[in-house]
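Please look over the model shown here.

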Amino acid sequence: MSAPGIFLQGHVAIGGAPLVPQITLDVAPGSWTCLLGPSGVGKSTLLRLIAGIADEATLTGTLAASDGAPLRGRVALMAQSDLLLPWLSVLDNVTLGARLRGADTQPERATALLEQVGLIDHAAKRPAQLSGGQRQRAALARTLMEDRPIVLLDEPFSALDARTRAQVQDLTAQLLSNHTVLMVTHDPSEAARLGKAILILNERGLAPWPVPPGAPPRPVDDAKTLEAQGALLAALRAAP
Amino acid sequence: MRRAANAVAATIVALAVWQGLIIATGVPRFILPGPALVAETLWTSRALIAHHTMITGIEVLAGLALGAILGGLTAIGLAASPIARNLVRPMLIFSQAVPVFALAPILTLWFGYGIGSKVVMTLLVIYFPVTSAFFDALMRTPQAWIDMARLMGASPARIMRHIRIPAGLPGFASGLRLAAVYAPIGAIIGEWVGASKGLGYLMLLANGRAKTDLMFAALIVLAVCTVLLHAAVDRACRATLDRNA
């Protein structure tokens, strides 16, 4: 699977009110880009625009995939809330997309994915019986099951404790290695660990940020990564 | 166990107050019969009461089933279509401004003196609570689930079937619980207006002949049946519909 990049340029408005100045978002194909910025600046709205589900927002400008083909049907979204349906088993949640399209549910593939995310023993359980980390891994399996080359992540790990977060980050980075990933996060350490590119969105617009050396996911205790994390936090705090 | 003990204690207190009232006021038995007399009548007239209870029971269950089906379908139709919402909802609200009691004679005229008019009356009484509770639940489906389904490429019909209806079932269950309590009211109103069978008919008959003890016996049976129906519906809802919550 060759994952295309995302190119978005123009003005974004919510209900007629402009969100930020004109922005140019260029996400490289097949790599992991982190998007940071203060709350309410419109990071999630950008993801929803790319996903094509932002009824509340309008984009005046261009939104396209780098290979020229339409984005529709090639984007998956994973949010902070796992959105698992409480009345379905973990396995049925993972195969939900196929049922919603009236397609073959591919139970063998779903089982293989549950194996990969370490939930094979929990396939028959209801989401309420899982821990927060397990639920987010189930959501990851559901996202992978959709088999979309572009994956948008909206703070998917922010509700997890530090240890679980690091584990799920590693797993996600490994399983999404062939995908184009755009991740919104509030966490400078997450961006410093996972980003192949880092972008900051604030009232002045969108700007790139230097990325620490080494291939992601970088070790949690790597000196350069920690340094980048500190500098990133300082930059976020300095913003007006 | 504690709940059962509380219920028994409450019953004993109620019976004692009832008997005490009769002793204190010396009210004649054709105005207010004592608990012992009512219990005796309940036993001696058990075959008669059972026969009429069965008739009312059939009316209530049939009305409940039809009302649940029609109410459920209406709620889904309204939730699926904004046009239907704009057209039908004002009519639904307006229909609630008409007292159902006032319709009972017309229903007897249209659906006859028998069981049919009572079933329709029951249906009318429970249709709105069922529709309203289920419709509200369908409209409250978390938008994030619907967005996720859209992104997965689902049609509105499949979103309704796989997301909104399962998510709304606990609301449907609330409607059914209310309906279980209201349904007997519908059947009794229907029987009061015109019937030759059923507990409502029996109560009117007994009242007219100053057989107050029989009237009270029928009333108690009706109340107990309503409580049992509510408990049964509640149990069924817990076992099936509420698992989604």
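How many residues of domain 1 of chain B are in contact with domain 2 of chain B? Eight residues of domain 1 of chain B touch five residues of domain 2 of chain B. Contact here means that the C-beta atoms of two residues, placed from the backbone, lie within 7 Å.

This is a predicted model, in which local features need pLDDT of at least 70 and side-chain atom pairs count only at pLDDT 80 or more, while totals for chains, interfaces and linings use all residues. Residues are numbered from 1 along each chain as its sequence is written, and chains are lettered from A and ligands numbered from 1 in the order in which they are written.

**Domains of chain B**

Domain 1 of chain B spans 1–32 and domain 2 spans 34–244. These bounds come from an automatic or database domain assignment. The two domain centres, taken over C-alpha atoms, are 30 Å apart.

**Chain A**

Chain A has eight helices and ten strands. Helices (H or I, at least four residues) and strands (E, at least two) are DSSP runs, numbered from the N terminus. Its C-alpha atoms fill a box of roughly 50 × 40 × 30 Å along the principal axes.

Six strands of chain A form an open, mixed sheet in the order β6-β7-β8-β4-β9-β10. Strands pair if DSSP finds at least two bridges between them. β6 and β10 of chain A stand at the edges with a single partner strand each, so one side of each has no neighbour in the sheet.

| Strand of chain A | Residues |
|---|---|
| β6(A) | residues 75–79 |
| β10(A) | residues 205–209 |
| β4(A) | residues 32–36 |
| β8(A) | residues 180–184 |

Strands β4 and β8 of chain A run parallel and are joined by four bridges. A:Leu35 has A:Val184 in β8(A) as its bridge partner.
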